[in-house]
Amino acid sequence: IREKMKFTALIRTYALERYVHSGIIASMDMILSFISTVITIFFANLVISNLTISTKTACFIVAISAFATCVAILSMRTHKIIIRHSTITDIWKLAIAVFIKDTIVAIAIAALIVHPSKMILVYVICDAMVLFTLLVIARVIMITIYETLKQSLISNNSRKNIFIYGTTDKSTALKVRLLNSKHYHVVGFMS
């Protein structure tokens, strides 16, 4: 029992005081970039009828993509961007990082692959859309998990469960006011 209490205290301290280590976020960004690149290569093979990407070319694109992702992450510091406390300028940093990555990859494709014009266009458009979407969704999921964990730790120990009597607009307004209360947790309504 004592070990469980220590473990719960450790989780509570970590969850309430810290978010997620930036190294984990940078690793997640790299993995999402890899997934985006693989999806994009597959999509390019489907969309462009006379294009067949060899395994060697695909590996080259993945390697350049990994390098470009490292450059983009470090230059724009996207591993420090957590949407929870962000502004629109932080979201633009994600978009600029995606643009940097795709620009580096497009230049490498143009320099090293014969007749790459269709492939560059498809790659840049598809990868930009997929990667930006994955980055934003991953951060929203991280926030949701963090907030759920934080609420469960707070509500289990220090907040009293209450019911609100009535189902009028005033009752709903009271629930909204008590959403972030440190003392009360609204369990439901009674009429």
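A residue is called buried when its relative accessible area is under 20%, exposed when that area is over 50%, and partly exposed in between (1.4 Å probe, protein chains only). At 55% relative accessibility, His 183 therefore counts as exposed. His 183 is found in the loop between α6 (169–178) and β2 (184–190), where helices (H or I, at least four residues) and strands (E, at least two) are DSSP runs numbered from the N terminus. Its C-alpha atom is 8.9 Å from that of Asn 161, a residue 22 positions away in sequence.

The model is predicted: local features need pLDDT of at least 70, side-chain atom pairs count only at pLDDT 80 or more, and totals for chains, interfaces and linings use all residues. Residues are numbered from 1 along each chain as its sequence is written, and side-chain values use heavy atoms, with hydrogens and water left out.

**Overall architecture**

The chain has six helices and two strands, arranged along the sequence in the pattern α-α-α-α-α-β-α-β. Of its 191 residues, 34% are buried. The accessible surface comes to about 12,400 Å², and carbon and sulfur atoms hold 69% of it; accessible areas come from the Shrake-Rupley method with a 1.4 Å probe, and for residues only the protein chains shown count as cover. Contact means heavy atoms within 4.5 Å. Among contacts with a separation of 6 or more, 73% are between residues 24 or more positions apart.

**Helix α2**

Helix α2 covers residues 22–47. At 1.5 Å a residue, its 26 residues should span 38 Å, and the 36 Å between its end C-alpha atoms agrees with this; the expected span is 1.5 Å times one less than the number of residues. The buried residues of α2 include Ile 25, Asp 29, Leu 32, Ser 33, Ser 36, Thr 37 and Thr 40. An α-helix has 3.6 residues a turn, so residues three or four places apart point the same way.

A nonpolar surface patch is formed by Ile 31, Phe 34, Ile 35, Val 38 and Ile 39, with about 430 Å² of accessible area together. Ile 31 has its place in α2. Patches are made of residues with over 30% relative accessible area and no salt bridge, with like charges joined within 9 Å and nonpolar side chains (Val, Leu, Ile, Met, Phe, Trp, Tyr) within 5 Å.

A salt bridge is a side-chain nitrogen of Lys or Arg within 4 Å of a carboxyl oxygen of Asp or Glu. By this rule the count comes to two.

| Pair | N to O distance | Burial |
|---|---|---|
| Arg 139 and Asp 29 | 2.9 Å | both buried |
| Lys 101 and Asp 127 | 2.7 Å | both buried |

The side chains of Arg 139 and Asp 29 meet in one of these bridges. Arg 139 lies in helix α5 (residues 117–157) and Asp 29 in helix α2, so the pair ties together parts that are 110 residues apart in sequence. Asp 29 is buried because its relative accessible area is 3%. Leaving aside residues up to four places away in sequence, Asp 29 touches Thr 69, Ile 73, Thr 78, His 79, Leu 135 and Arg 139.

The side chains of Lys 101 and Asp 127 also meet in a salt bridge. This pair links distant parts of the chain, with Lys 101 in helix α4 and Asp 127 in helix α5, 26 residues apart. Helix α4 comprises residues 88–112. Lys 101 counts as buried because its relative accessibility is 1%. Beyond four places in sequence, the residues that Lys 101 touches include Ser 33, Thr 37, Ser 65, Thr 69, Tyr 123 and Asp 127.

**A positive phi at Arg 77**

Most residues other than glycine have a negative phi. Phi of Arg 77 is near 55 degrees, a positive value in a residue other than glycine. Arg 77 lies in the loop between α3 (55–76) and α4. With a relative accessible area of 47%, Arg 77 is partly exposed.
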